[in-house]
Amino acid sequence: MKKTINLTPMASALALAVLAMNAQAQQEESNTKPGTLETVVVTANKRVEKLENVPMAISVMSEQEIQRTNIREIEDVVAMMPSLTLNSGTTAANNAIFMRGIGTVSVGIGVESDVAVIIDDIPIATQFQAFKDLADVARIEVLKGPQSTLFGKSAVAGAVNIVTKQISGPMVYRASTYLTNDQEWRVNASAGGQLDEHFAMRLYAGKTRMPGNFHNLTDGKDVNGSGGKTFMAKLQWNPIENVQVDLTPRYNYQDNSRGVTAVNGFVLRTGSAAAGNVVSTPIGLDGVYLNGNPLLPASTVLKGINVNDPGNRNVRRDFPTGLISSDRGVGLKVSWTLPNDATLMSITSWSKYLANDFRDQDFTDVPTIAAAGQTVPTIGNYQFGTYDIRSKTQEIRYVSPDTGTFKYLAGLWAAHNEIYRHFIRGYCVAPTACNANSPSSPTNYYTDIYNTNKSIFGQASWEFMPTWTLTAGMRLNEEISGYHYKRNYYTDQLDEASFKPGPVGVDQFQSTGNTDRATTGKVSIQKQITPDWMVYTQASTGYKGEAYDVTSGLKAVAAFPVKPETSQSFEIGTKANLFNSRLSVAATYFNSDFFNYQQNVTYVLPNDPTIYSQLNSIPHIATHGFELDVNALLARDLTMNAALAFTLPTIEKWANGPCYGDSTNVAVNGTKLAANGSIAGQNSACFPIAPGSTTGVQNLDNSVFPGTPKIKLNIGANYEFLIPSMPFKGFVNANLRYQGEYYTNINNDPNSKNAGYAITDLGFGVRAPDDKYKLSFRVNNLFDRFYIPNANASGPSSFRAGPTATSPQVSASSWVPPRDVFRYFSVKLDVKF
């Protein structure tokens, strides 16, 4: 059921804005040259350059677009950027950003991301730390393809470079408030400017809350939402001429309940996939039992839930699902402009991230586990844990002047990261003999990962002939990494003081002092066809360090480092600024190969709701495609932007890929094998890894790599107009997003496929010419288009059409809706003084 907010705040905001704007005299318009597009600058090469001059595929989201589309989180950025997609995990700690179809899915701390996230020259230690409120952002640069040369080893597939607002001019004060009809609200304020000739500052504080778009029938509260509070400061000191010192403390608290899944399909499949006569029949709750347990009828565990409603928003939970985190840190940047106009810079950072994660593992609000010696369930199946992430970085950078035919930069980099993880799942206590095969698959482990990185990097560009420029860069990197791991299966040992690990080599492992050295580089050549049109080609390589499979199922055979992941990429592109800066076009063709790709594969077993994970090193995956970015000034006050990504990621080589469940592939002749020799209960291409083995694999050579649609498109337009006899201007904007269907599981399960969809948003409002006041209204998902974004969201998968463990299996599908799967309305008031 949709909720509505009290109209009083909205009406009050409107009245305040109208009265205030009528009280203000019209002031001068922006100094931007009329009749031209805004000049876009980027720092992709660690120096400020015009976007059109950089021989690299880059998409940029400006401050105006961030404000216009109400961007709050990294998920919103992914939705607007066609080259990016998002893989949503069981909680925000398992989320992953994919670029050009490539990203890292991991539920363990031993695998780094493929896409680096950098905020004001400082990379975050783990990618999931980026899934929080984006505060005071001026620009977001999406740098496509390997960026390891300048941004390090976690940029093997690309980087997202976030730039916050700078300090300039006299003190300016800003405030903003935002409300929606489904109870989301945001409020923030900032103050920044020059205090005197030596000191300047910028302060920002914000708070947000989105209760969620699921309703928990157990306690009557909404879930699957997020919210937080953020404080940031920039303190700038110019002690002497040409020296600038910036101190940037920050703090963020985040409460994220996303990851709660709701059942939206109950299907009984009969027939045989091999025979081609499979029939899928929707069924209700009657006669269905969780795990085939007669004491757990579906009519009780899912009471009040319409399991065949594709848009079901009701859940039952007696334990939270989500992530509660705090992130604090500080950066120190010292810049010295030398007499030759070169810049010598030191960038130092320290950060500490703490989080508690939770998950209701039985997806219901009734006990599902029976204590030892009992048959009646009296205990719930939960999992929970903590993260403690500590990071230190230091960079020394020398940047040559921006003049002349030869420009270069060189730098030294050092970083140390420590990640501590404690995790408990299920239930088992002494004197029971607890092990991994006990009911609820209990585990209790402590692990820590560390890595120390040192590197030297450099890049130079040389205009060796008129209109021809050669750019080349290289990075030499050394990483020393390792881990410690200890485990038992007693879930009542809640702290390390009471924890008693199992035997060494069985439940205790470590691998330390592992040293890995790598060299990455890139080279490009560009030709300036005309002063406003250039073409380029670029080749680059990427590198990501060794990985460790430190999850609940760690075994001795997996206790050693997984090989580093490497990439090779080629792209050819063109950029043009045409019609007197009224039209800009950037087009790119790319082809990238990834070797020893590190991927956590998750799976479930029959009659077991536990989500298992195993780290795989896939020999070879690839991605290629075409990208287009267009910005146009169609009339004096009418602008349009369009971005298209055509992406084809594939698994080139993987003979031992994971299988998927298929209850129609039945056993024959009293064996555990189907008629064609495949493993019964798995897909018909799943064969024993060795004769007699019950572990199955399938050959996934030349198959689809999941997570990215073939086509993703974003089109936006904004029009401003004068309102006669009024002291403000009106504006209207629209945005259309489209993406095609795609697989969501690496096993190529045909049932785990997301259908394509198109979403249209409409905004309008009024603003003062000097932007002192701006009132915006927006309708997201204007036509209320319903779509399922995650066809294989993990949920209850162990229902049986009968009260025994051998009764026919029921296929239960679940989903987690994104923010705009249902239409919602918002109003926003921005003030500046």
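Me: Which residues touch the most other members of the largest nonpolar core?
Reply: Ile140 and Tyr483 do, in a core of 56 residues. A nonpolar core here is a set of buried Ala, Val, Leu, Ile, Met, Phe, Trp, Tyr and Cys residues joined through side-chain atoms within 4.5 Å, and buried means under 20% relative accessible area with a 1.4 Å probe, protein chains only. Keep in mind that this is a predicted model, where local features need pLDDT of at least 70, side-chain atom pairs count only at pLDDT 80 or more, and totals for chains, interfaces and linings use all residues. Residues are numbered from 1 along each chain as its sequence is written, and side-chain values use heavy atoms, with hydrogens and water left out.

Me: What is Ile140 in contact with, leaving aside its neighbours within four places in sequence?
Reply: Its contacts (heavy atoms within 4.5 Å) are Ser59, Val60, Met61, Ile66, Val77, Met81, Leu134, Val160, Asn161 and Ile162. Apart from that core lies another, of 18 residues, including Trp413 and Phe457.

Me: Switching to strands: what is the order in the open sheet?
Reply: The 5 strands run β3-β8-β9-β6-β7, with mixed pairing. Strands (E, at least two residues) are DSSP runs numbered from the N terminus, as are helices (H or I, at least four), and two strands pair if DSSP finds at least two bridges between them.

Me: Why is one side of β3 and of β7 left without a neighbour?
Reply: β3 (58–62) and β7 stand at the edges and each has a single partner strand, so one side of each has no neighbour in the sheet. β3 pairs with β8 (residues 137–144) in the antiparallel sense, over 5 bridges. Val60 has Glu141 in β8 as its bridge partner.

Me: Now the holes. How many cavities of 30 Å³ or more are there?
Reply: The search finds 12 in the whole structure. On a 1 Å grid over the protein atoms alone, a cavity is a set of points where a 1.4 Å probe fits but cannot get out, and lining residues have an atom within 4 Å of a point. Points are joined across faces, edges and corners, and a volume is the space filled by probe spheres set on them.

Me: What is the volume of the largest cavity, and which residues lie nearest its centre?
Reply: Its volume is about 750 Å³. Of its 49 lining residues, Glu112, Ile124, Ala125, Thr126 and Ser154 lie nearest the centre. β24 (406–425) gives the most to that lining, with 5 residues.

Terms used:
On a 1 Å grid over the protein atoms alone, a cavity is a set of points where a 1.4 Å probe fits but cannot get out, and a pocket is an open set with protein on both sides within 12 Å along at least five of seven lines; lining residues have an atom within 4 Å of a point. Buried means under 20% relative accessible area, exposed over 50%, partly exposed in between (1.4 Å probe, protein chains only).
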